[in-house]
Amino acid sequence: MLKKDIKDILKEYALRFNQEIARYFTFPQGDERRVSEAMHYSLTRGGKRLRPFLVYETAGLFGVSFENSLNTAMALEMLHTYSLIHDDLPAMDNDDLRRGFPTCHKQFDEATAIIAGDGLLTYAFEIMSRPSTVSNCQIRCRLIEMLANAAGAFNGMVAGQMLDLIGSAYSIRKDDQEDLIKRIEEMKTGRLLRYAVEAGAVLGGANEEELKALINYSRRIGIAFQIADDILDVTGDERTVGKTLHKDENQNKMTFVSLYGLDTSRQIAVDLIQAAQADITMFGPRAQNLKDLASYIINRNH
Ligand code: GRG
């Protein structure tokens, strides 16, 4: 039988995932309905669903079903979507286009977009705290703490965003620039990708050795993902990527591409992906989708 392409496997998962979103929404009758609509708008306009897929595939290594990984996957996608809404705001990246559609503040208004982000962030934790996410309280608390840590201000996504906004990479020695860029990218983009894999492993009851291997895999794909994003910013097609491009260059942002150029950056990403694939050989053919996804991450066009 012909092997299915990872792009199609991801699309099929995204379709299934998208069909479940309605179950997570209620739209109040009063004027407050507007914020639910804005949350729903941003969650349902496009999105590759990479993070949910990573949760599903990693948990699947240990026999966890789609249904039993769905709450964790959904909460993570909501949290990711909040970060995109806030990142697009005029005070941050000031973007009009996200996932090929008007950004939340363009479709609604700025204040609504801010609280839609807040709403998605809060709802993510409500979903995680539900007994249906995982019946074992200890595992549930562990997953919630891990998510707060990955998204948070000390060593997580919010910290990465702060560093990125300060944009201090230009003011330091060249030798230290790569370290700083890696730190920003590991926190800003990497921590949620890592959470996806780690949460899947915890849901599946992975042992220490398995968890370590999966964390290594996720850290490497996290950096490669960001490098691919930086490359797309320079070489991509705006209609396909679905967001404004050349922003890094226009904002004079320090990235792997500005530091090393396109070819070396591509090579660094390829090496990372090969190492990530080697990290998970212990899982044998069951991890084929995770291996293929790693390659897809650097070969994607959006
Ligand atoms: C506002 C606290 C706060 C954080 C924002 C995630 C983030 C931090 C900013 C987004 C800026 C950005 C474009 C980062 C590059 C990596 C990234 C997260 C890309 C978007 O993820 P994809 O490609 O997007 O998985 P889809 O739309 O497919 O979900």
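Reader: Is Cys104 buried or exposed?

Author: Start with the scale. Buried means under 20% relative accessible area, exposed means over 50%, and partly exposed lies in between, with a 1.4 Å probe and protein chains only. Cys104 has a relative accessible area of 4%, so Cys104 is buried. Before we go on, this is a predicted model: local features need pLDDT of at least 70, side-chain atom pairs count only at pLDDT 80 or more, and totals for chains, interfaces and linings use all residues. Residues are numbered from 1 along each chain as its sequence is written, and side-chain values use heavy atoms, leaving out hydrogens and water.

Reader: How many disulfides are there?

Author: A disulfide is a pair of cysteine sulfur atoms within 2.5 Å. By this rule, the count here is 0.

Reader: Now the ligand. Which residues come nearest?

Author: A residue is near a molecule if one of its heavy atoms lies within 4 Å of it. There are 18 residues around the ligand, and Lys48, Arg51, His80, Asp87 and Arg99 come nearest.

Reader: Which helix gives the most to the shell around the ligand?

Author: Helices are DSSP runs (H or I, at least four residues), numbered from the N terminus. Helix α4 gives the most, with 5 residues. At least two shell residues come from each of α4 (66-88), α8 (157-166), α9 (174-204) and α10 (208-235).

Reader: How many nonpolar, polar and charged residues does that shell have?

Author: Ala, Val, Leu, Ile, Met, Phe, Trp, Tyr, Cys and Pro count as nonpolar; Asp, Glu, Lys and Arg as charged; the others, Gly among them, as polar. The shell has 8 charged, 7 polar and 3 nonpolar residues.

Reader: What is Glu77 in contact with?

Author: Contact means heavy atoms within 4.5 Å. Glu77 sits in helix α4. Neighbours within four places in sequence aside, Glu77 contacts Phe17, Leu43, Arg49, Arg51, Pro52 and Arg99. Its relative accessibility is 1%, so Glu77 counts as buried. Sequence distance is another matter. Glu77 and Leu192 are 115 residues apart along the chain, yet their C-alpha atoms are separated by 9.5 Å.

Reader: Let me try α10. Is Ser218 buried or exposed?

Author: Ser218, in helix α10, has a relative accessible area of 1%, so Ser218 is buried. A polar atom of its side chain lies 2.8 Å from the backbone oxygen of Ile215. Beyond four places in sequence, Ser218 is in contact with Leu193, Arg194 and Val197.

Reader: What does Arg220 touch?

Author: Arg220 is also in helix α10. Not counting residues up to four places away, Arg220 touches Leu272, Ala275, Ala276 and Asp279. Its relative accessibility is 29%, so Arg220 counts as partly exposed.

Conventions
Polar contact = N/O pair within 3.5 Å; in protein donor to acceptor, adjacent residues only side chain to side chain.
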